[in-house]
Amino acid sequence: MSTIFDTKANPAKAYTSFAVLAVVLVLFPFVAANFGNSWVRIIDFALLYIMLALGLNIVVGFAGLLDLGYIAFYAVGAYLAAIFGSQQFAVILESFVNNYPVVGNFLMTVFGPEIAQNGIHLSVWVIVPFAAATAGLFGALLGAPTLKLRGDYLAIVTLGFGEIIRIFMNNMNSPINFTNGPQGINMIDPIHIFGVSLAGKEGEHAILHFGGFSMPSVNAYYFLFLALCIAVVIVTTRLQHSRLGRAWVAIREDEIAAKAMGINTRNIKLLAFSMGASFGGVSGAMFASFQGFVSPESFSLMESIVILAMVVLGGIGHIPGVILGAVLLAALPEVLRHVVEPVQMMLFGKIWIEVEVLRQLLYGLTMVVVMLNRPAGLWPAPKHEDRITKTNEAAA
């Protein structure tokens, strides 16, 4: 299975596999739409989780740094998109005027009456790099005090960081209303590309018209998220096979030996946190624009654990495995939601266990069974990707 997409071992087979996969990915939303747009929406969220899992894979899979607060960077990207893509910035200016009149009046003068009334509505082309850079900065802030920590201690610190960010988002509504507290921020602008809203026009049932072609809004977001996922896969693949990627693997295998070989472990770890966090920021910005609403409940500790489970279940450190794990864990609960009740009716003639309870039970049981039978993951990394092979050892 590991040679399906290996262009070095078997180029013809690999390129054929890529071609087949491309056709499947392009046709999927149109086929799935026949069973309802909800299935396309499920895969839209799965694509967002793929971006998150690939970002966490840099920290956990490549560098071997256990991060339980990764959802914080997702939250940073989402709230940036919400503040700069909705009325919220006008609310922030009003809070400054009411509580700190001098500062508020100065900001009103700087930004002008129009922004003070309607807020800032930045383009997605501005918000995405801004979210990536800001989340990367937060990643460095998290990494800086944890440079000497590993294992359980690092996990506890990152867990605390994730909870701090969530609590901040929940309480930053007074005296200056930055996040609107537990009520969250709504009416976030949908993504516009070349002047076309991916949410479609009002009154047209979320149908996007582009020239003489039309498609449901969820399909348009699917292709955008798919393009971003492909870009993230290309970047992470290039990173994995670069000098930086090999330095991360060296730190993961033996940090003391890596330091003895001249690797600046401090800077390399900070880069791992920052680069992983930047992907989380991009995914968060996409989530806010797609959902149109963000609140602190979307960024709980459970979300961080689920993303970590995607990385471990798929195959830690292996990009195709991480993608597989993200798709399965994002889609499996929704598939079970539609399957559990009909199966019970077919077998027993009535519902014995509530759908939600049984769905979560089967979801957890599936992960336990997979980990017991395949502890390296469903699609583990081939050894030649991250350590010296026997042939190389013999040659040495």
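## Nonpolar core

A nonpolar core is a set of buried Ala, Val, Leu, Ile, Met, Phe, Trp, Tyr and Cys residues joined through side-chain atoms within 4.5 Å, where buried denotes under 20% relative accessible area (1.4 Å probe, protein chains only). In this predicted model, the largest such core has 108 residues, and Trp248 and Val294 have the most contacts inside it. Helix H2 (residues 37-62) provides the largest share of this core, 16 residues; helices are DSSP runs (H or I) of at least four residues, numbered from the N terminus.

Val294 is in contact (heavy atoms within 4.5 Å) with Ala78, Tyr79, Ala82, Gly184, Ile185, Ile188, Phe287 and Ala288, leaving aside its neighbours within four places in sequence.

## Overall architecture

The protein chain contains 15 helices and 6 strands, strands being DSSP runs (E) of at least two residues. Its radius of gyration, taken over C-alpha atoms, is 23 Å, close to the 21 Å given for 396 residues by the globule rule, so the chain is as compact as a globular protein of that length. That rule is 2.2 Å times the number of residues to the power 0.38. The C-alpha trace spans about 75 × 60 × 50 Å along its principal axes.

Of the 396 residues, 45% are buried. Among contacts with a separation of 6 or more, 72% join residues 24 or more positions apart.

## Basis of the values

Residues are numbered from 1 along each chain as its sequence is written, and side-chain values use heavy atoms, without hydrogens and water. Local features need pLDDT of at least 70 and side-chain atom pairs count only at pLDDT 80 or more, whereas totals for chains, interfaces and linings use all residues.

Notes
Buried means under 20% relative accessible area, exposed over 50%, partly exposed in between (1.4 Å probe, protein chains only).
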